[in-house]
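Here's a quick look at side-chain pairings in one protein model. Have the viewer open and follow along.

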Amino acid sequence: MAERKATVASRVGLHARPASIFAEAAAAQPVDVTIAMEGDPAEEAMDASSMLSLMSLGASHGDVVVLRSDGEGAETALEELAKILETDLDAT
């Protein structure tokens, strides 16, 4: 299981536009990806490609989240998704 931590850079956190951009990118990956708040049990991780899951996660600016995936291409997928989270999508 690959794991990558990322700090949410968007000023509004994972809400509306940033969540939509991230969910679309997660859905385009060749592997399933989950997301959870740092410190939460892995069993509570949610589907990273689900807009509803992202909104209910409640991740705010500066929060650290944990991305997890398994399978061929997991490391690359997590790096790509972490870059999205670590970009202020509200500034673009």
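## Ground rules

A salt bridge here is a side-chain nitrogen of Lys or Arg within 4 Å of a carboxyl oxygen of Asp or Glu. The model is predicted, so local features need pLDDT of at least 70 and side-chain atom pairs count only at pLDDT 80 or more, while totals for chains, interfaces and linings use all residues. Residues are numbered from 1 along each chain as its sequence is written, and side-chain values use heavy atoms, with hydrogens and water left out.

## Salt bridges

How many salt bridges does the whole structure hold? The search turns up five. One of them joins R68 and E3, 3.1 Å from N to O. That pair spans 65 residues, from strand β4 (residues 64-69) to strand β1 (strands are DSSP E runs of at least two residues, helices H or I runs of at least four, numbered from the N terminus). R68 is buried at 13% relative accessible area, whereas E3 is partly exposed at 46% (buried is under 20%, exposed over 50%, partly exposed in between, with a 1.4 Å probe and protein chains only).

K5 pairs with E38, the closest N and O atoms being 3.0 Å apart. R4, E79 and E86 form a salt-bridge network.

## Around the β1–α1 loop

R11 and D88 meet in a salt bridge at 3.3 Å, N to O. R11 sits in the loop between β1 and α1 and D88 in the segment after α3 (74-85), so the pair ties together parts 77 residues apart in sequence.

S10 is in the loop between β1 (2-7) and α1 (16-27), and counts as buried at 2% relative accessibility. The S10 side chain reaches the backbone nitrogen of L89 at 3.0 Å.

Technical notes. A polar contact is a pair of N or O atoms within 3.5 Å; within protein, one must be able to donate a hydrogen and the other to accept it, and residues adjacent in sequence count only if both atoms are side-chain atoms.
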